[in-house]
Amino acid sequence: MRSIIKKEFTLSNEEQEILVRACRIKKFKYAETIYNEVDDRTHYYYLLNGNIEITKL
């Protein structure tokens with residue numbers, strides 16, 4: 001079963017500009033793990049193209 005989780009929030013114009021300047025585009029290989037539950041939560045990921053699968057073992 002697939003589900004899509006959407007989180008909506010509002011940023012000020014200044015906050016948006018700070019976020020855009022901090023963004024880096026990165027391509028991942030098919031089936032590559034981009035985040036593990038034990039990783040430090042210091043980044044946000046925004047999917048531009050493709051699909052992700054969230055799995056908890």
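User: Why is glutamate 17 called partly exposed?

Analyst: Buried means under 20% relative accessible area, exposed over 50%, and partly exposed in between (1.4 Å probe, protein chains only). Glutamate 17 has 49% relative accessibility, so the label "partly exposed" follows. Please keep in mind that this is a predicted model, where local features need pLDDT of at least 70, side-chain atom pairs count only at pLDDT 80 or more, and totals for chains, interfaces and linings use all residues. Residues are numbered from 1 along each chain as its sequence is written, and side-chain values use heavy atoms, with hydrogens and water left out.

User: What makes the contact of arginine 21 and glutamate 17 a salt bridge?

Analyst: The definition asks for a side-chain nitrogen of Lys or Arg within 4 Å of a carboxyl oxygen of Asp or Glu. For arginine 21 and glutamate 17 the N to O distance is 3.9 Å, so the pair qualifies. Both belong to helix α1 (residues 13–22), where being 4 residues apart separates them by about one helical turn. Helices here are DSSP runs (H or I, at least four residues), strands likewise (E, at least two), numbered from the N terminus. Arginine 21 itself is exposed, at a relative accessible area of 57%.

User: How many salt bridges does the structure hold, and which residue does glutamate 37 pair with?

Analyst: The structure holds 2 salt bridges. Glutamate 37 pairs with lysine 56, their closest N and O atoms being 3.1 Å apart. Each of these two residues lies in the segment after α1, so the pair ties together parts that are 19 residues apart in sequence. Glutamate 37 and lysine 56 are both exposed.

User: What makes Phe28, Ile34, Tyr35, Tyr45, Leu47, Ile52 and Ile54 a nonpolar patch?

Analyst: A patch takes residues with over 30% relative accessible area and no salt bridge; like charges are joined within 9 Å, and nonpolar side chains (Val, Leu, Ile, Met, Phe, Trp, Tyr) within 5 Å. Isoleucine 34, one of the members, has a relative accessible area of 33%, so it passes the area cut-off. Together the seven residues expose about 700 Å² of accessible area, a value from the Shrake-Rupley method with a 1.4 Å probe, where for residues only the protein chains shown count as cover.

User: What share of the chain is buried?

Analyst: Buried residues make up 0% of the 57 residues. The chain's accessible surface comes to about 7200 Å², with 53% of it belonging to carbon and sulfur atoms.
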